[in-house]
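Here are a few friendly notes to read beside the model. Please keep the viewer open as you go through them.

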Amino acid sequence: MLQRIRTLLEMIRFSHTLFALPFALLSAVLAWQDLPFYWTDFLGILLSMVFARSAAMAFNRLADRHYDAINPRTAGRHLPTGQLTAFSVWIFTLACAAGFVLSTLLFLLSNNPWPIYLAVPVLFFVCAYSFAKRFTYLSHVWLGASLLLAPLATWIAIRGVESLLTPLVLGLAVLFWVTGFDILYSCQDVEFDRGSALASIPAKFGVPASLRVALVCHILMVVCLVALYWAAWPHLGMIYLTGVAAVAALLGYEHWLVRPDDLSRVNQAFFQVNGVISVGLFLVVLLQLALKV
């Protein structure tokens, strides 16, 4: 049983939850600057994030399993190789979806019904991304919008639907960040996507143009992070802006790693650099709020 659970977590790359979770927690700590902290809200945020991402990732593996089986890059994944059965992954997906909905009940303890109202629409939206490449080359934006919901939903879970400017600006930063690095990642499958009639920006416009689009997305992310300085005023200051400058430098390094004629370092850019960006920015905001300078 433990081995089966470990295999399921490997399938959904559970460790990559850190891509979205730090931005959800960043939104939370900003929301708590003007409201009391409740441990039940904190636990609800953690459980909701983990269950929602796990359900969406497992559903994505189910939706894509036939494509994964014929793509040389993904043929070694757990479903195509038979390490996991579709039935077991369906059970896991439904269990995580139920866990997500049940987690939102925790927010009722602080008299906030919004999370339970929005739970099913949010889950539907993030799972529907799995079919986006069947009909739109803007599937990368759909993925970005799915992760935009992390800071926005976190804010609503704590404060309701009031004063949404701060989480929207932060959410847009996440949207452009995810859209950009997903375009970079999709460059690896450009020929497969074309041959399988799957839509993506690299398949439609080619790798060189896609790298430029990804760069524009990441520039817009930095612009949004700078705008957050004013949206969250007076809670963010020079320490935060220094962190934003570091994010800009890391994004520049990410684009230096990936070249039109050399995609061999895409995984390094995708997993390592982006992990540093998400966790690092969250820690910078914590330091900023702790020192209040």
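**Notes on the helices and one loop**

1. In helix α1 (residues 2-11), Thr 7, Leu 8 and Met 11 are buried, where buried means under 20% relative accessible area and exposed over 50%, with a 1.4 Å probe and protein chains only. Looking down the axis of α1, these buried residues fall within an arc of 100°, so they line one face of the helix. The arc is taken from the directions from the helix axis to the C-beta atoms.

2. A word on the source: this is a predicted model, in which local features need pLDDT of at least 70 and side-chain atom pairs count only at pLDDT 80 or more, while totals for chains, interfaces and linings use all residues. Residues are numbered from 1 along each chain as its sequence is written, and side-chain values use heavy atoms, leaving out hydrogens and water.

3. What covers the buried residues of α1? The cover includes α3 (39-63) and α5 (86-103). On the other side of α1, Leu 2 and Arg 6 are exposed. Just after α1, Arg 13 takes a positive phi of about 50°.

4. Next, Tyr 129 is found in the loop between α6 (114-128) and α7 (139-159). Tyr 129 is buried, with a relative accessible area of 16%. Setting aside neighbours within four places in sequence, its contacts (heavy atoms within 4.5 Å) are Asn 60, Ser 139, Trp 142, Leu 143, Ser 146 and Asp 182. Tyr 129 and Asp 182 are 53 residues apart in sequence and 13 Å apart in space, C-alpha to C-alpha.

Terms used. Helix = DSSP H or I, 4+ residues; strand = E, 2+ residues; numbered from the N terminus.
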